[in-house]
Amino acid sequence: MSPYVKLCTLTTGHSDSVNCLAFSPCGSYLVSGGDDSALIIWRVSDGAMLYSLEFKSAVTAVLWHPLLKDAVVLGCRDGVVLRAKDFDLTHFSGKRINLGVAAPVHCLDFDRFRKQLAIGIGHVVRITKEGLDGNFERSFKLPEPEGRVSAITAADDHVIRSRSLHFHEEGRMLIVTYLNHGIVAWNVDEQTQVWYISPTPEAPQLGGSSINLDKSLLIAHTFHSGLYMYLLGQTAPTRVLPYNGNQENRHTLAVAFVHSGAAVVSGADDGDVCIWRTQDGSLFQVLSHGGDLIQAIATFEGASSYIASGSALTGQNTYINIWRAQIHHLRSTSKDVHMAPVANHRRFPELNRRSIVFAVFLGMCAFYMRFLLGGDSTWITLRSLFQLVLLVVESIRRSLEVAEQCLMQWYTWVFSESPGPRLP
């Protein structure tokens with residue numbers, strides 16, 4: 001049985017290349033942007049097109065707002081960046097994000113901890129913060145990467161162009177994958193380079209990149225050598241995932257982790273979208289697209305796990321395939337390799353270290369109070385009473401801290417995976 005099977009093919013929406021795809025946080029909806037200047041929201045379960053909006057230029061980047069229900073952030077080829085919500089059949093409520101730059105938008109990422117939006121636009125990367133009133137503050141520009149381009153690339157193209165953005169360390173770091181300048185981890189506050197992966201003769205240019213859920217691995221698409229996988233923070237790849245067959249790789253392809261980081265999926269020049277095991281780099285499954293160029297890829301992991309793939313350069317025959325995982329455990333033919341679970345089903349928040357320490361502390365308090373009040377003693381010294389009061393005050397303080405943290409955990413657990421109230 002194949003791990004992924006085709007759930008549906010969406011053929012009635014786009015009339016030109018699909019540039020970007022993103023699943024909603026609940027996994028019930030898929031948003032797509034294309035060269036036909038259309039932004040379309042689909043229902044995943046049956047492939048129904050819910051909303052189709054047309055802009056003045058191609059939609060080149062899109063993501064779902066992680067803190068605002070039923071809202072997306074999108075970027076266009078003419079430099080327009082906006083937050084859209086409150087959709088109806090042909091209209092929406094939009095908030096323009098003014099960057100002062102009129103250049104193509106290449107990539108986006110949103111940090112939910114600091115409410116920061118990073119935009120790869122033209123030759124720069126800009127960061128802006130969303131205020132409590134929903135307005136975005138004045139953006140600032142990251143410096144140019146200090147690393148040099150590869151000698152192979154320099155003769156052809158040395159333009160600074162970002163391809164993927166990933167916030168890290170609760171928004172304090174931004175990892176930028178550049179087409180010609182390698183991968184740079186930026187300190188957002190100080191705007192300095194933390195670490196740098198330089199281009200190599202084997203991989204002078206990079207395309208899309210992705211980071212797994214536990215922020216330990218980074219995968220990057222190269223145009224010639226396959227996918228390079230790095231331990232986050234290290235500058236040498238730990239594994240190279242080879243392409244299937246002889247791909248020409250003239251295009252920037254999206255990559256993404258699936259199965260909790262146990263596998264990787266990539267776009268394809270030859271129509272064969274491949275899924276590799278990260279454990280040993282072996283090919284696990286090929287999703288065939290009839291030889292069509294597939295640049296846009298999106299994944300979702302939840303109660304059901306999905307992969308979406310969008311065709312490019314197919315004109316009026318443009319389509320999007322949605323693939324669903326059939327099994328919850330992927331196993332290879334080798335007994336030595338076991339793929340991780342497809343999804344983490346909704347579960348209660350786990351006890352953290354603070355909760356355990358607090359439980360031990362309460363137990364010690366109970367034992368101490370029994371010691372003070374038990375036995376033949378009929379009186380409590382002033383010192384003992386003072387110590388008892390301090391213990392009670394400390395218990396209350398710690399209880400409030402744990403209660404606050406538990407409430408935040410429950411809020412995230414309840415609302416992060418629930419479908420939006422307005423989308424049908």
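These legends describe close-up views of one predicted model.

The model is predicted, so local features need pLDDT of at least 70 and side-chain atom pairs count only at pLDDT 80 or more, while totals for chains, interfaces and linings use all residues. Residues are numbered from 1 along each chain as its sequence is written, and side-chain values use heavy atoms, with hydrogens and water left out.

**View 1**
Helices (H or I, at least four residues) and strands (E, at least two) are DSSP runs, numbered from the N terminus. The chain holds 424 residues, and 50% of them are buried. Buried means under 20% relative accessible area, exposed means over 50%, and partly exposed lies in between (1.4 Å probe, protein chains only). Residues 24 or more positions apart account for 49% of them.

**View 2. Arginine 77 and aspartate 35 form a salt bridge.**
A salt bridge is a side-chain nitrogen of Lys or Arg within 4 Å of a carboxyl oxygen of Asp or Glu. The whole structure has 5 salt bridges. Here the closest N and O atoms of arginine 77 and aspartate 35 are 2.8 Å apart. Arginine 77 sits in the loop between strand 7 (72-76) and strand 8 (81-85), and aspartate 35 in the loop between strand 3 (29-34) and strand 4 (38-43), so the pair ties together parts that are 42 residues apart in sequence. Arginine 77 is partly exposed, at 40% relative accessibility. Aspartate 35 is also partly exposed, at 25%. Side chains of opposite charge can pair when their charged atoms come close.

**View 3. Glutamate 130 meets arginine 83 in a salt bridge.**
The N to O distance is 2.5 Å. Glutamate 130 lies in the loop between strand 12 (124-129) and strand 13 (140-141), while arginine 83 belongs to strand 8, so this pair links parts that are 47 residues apart in sequence. Is glutamate 130 buried or exposed? Glutamate 130 is buried, with a relative accessible area of 6%. Arginine 83 is buried as well, at 8%.

**View 4. Glutamate 170 and arginine 172 form a salt bridge.**
Their N to O distance is 3.8 Å. Glutamate 170 is partly exposed, at 45% relative accessibility. Arginine 172 is partly exposed too, at 39%.

**View 5. Phenylalanine 23 stacks with tyrosine 306.**
Rings of Phe, Tyr and Trp (its six-membered ring) pair if their centres lie within 6.5 Å; planes under 30 degrees apart count as stacked, over 60 as edge-to-face and the rest as tilted. The whole structure has 7 aromatic pairs. In this one, the ring centres of phenylalanine 23 and tyrosine 306 are 6.0 Å apart and the planes stand at 25 degrees, so the pair is stacked. Phenylalanine 23 lies in strand 2 (residues 18-23) and tyrosine 306 in strand 27 (residues 306-312), so the pair ties together parts that are 283 residues apart in sequence. Both phenylalanine 23 and tyrosine 306 are buried.

**View 6. Phenylalanine 87 and phenylalanine 92 make a tilted aromatic pair.**
The two rings are 6.3 Å apart, centre to centre, with 40 degrees between the planes. Phenylalanine 87 is buried, at 12% relative accessibility. Phenylalanine 92 is partly exposed, at 28%. Tyr51, Phe55, Phe87 and Phe92 form one aromatic cluster.

**View 7. Four strands form an open sheet in the order 22-23-24-25.**
The pairing is antiparallel. Two strands pair if DSSP finds at least two bridges between them. Strand 22 (255-258) and strand 25 (283-288) stand at the edges with a single partner strand each, so one side of each has no neighbour in the sheet. Strand 24 (residues 272-277) and strand 25 are joined by 5 bridges. Aspartate 272 stands opposite serine 288 in strand 25.

**View 8. The largest nonpolar core has 21 residues.**
A nonpolar core is a set of buried Ala, Val, Leu, Ile, Met, Phe, Trp, Tyr and Cys residues joined through side-chain atoms within 4.5 Å. Which residues have the most contacts inside this core? They are Leu39, Ile41, Phe55, Val62, Val72 and Leu74. Strands 2, 3, 4, 5 (49-54), 6 (59-64), 7 and 8 each give two or more residues to this core. Valine 62 touches several residues, including Cys20, Val31, Leu39 and Leu108. Apart from this core lies another, of 17 residues, among them Ala38, Val44, Tyr306 and Ala308.

Key
Contact = heavy atoms within 4.5 Å. Lists of a residue's contacts leave out its neighbours within four places in sequence.
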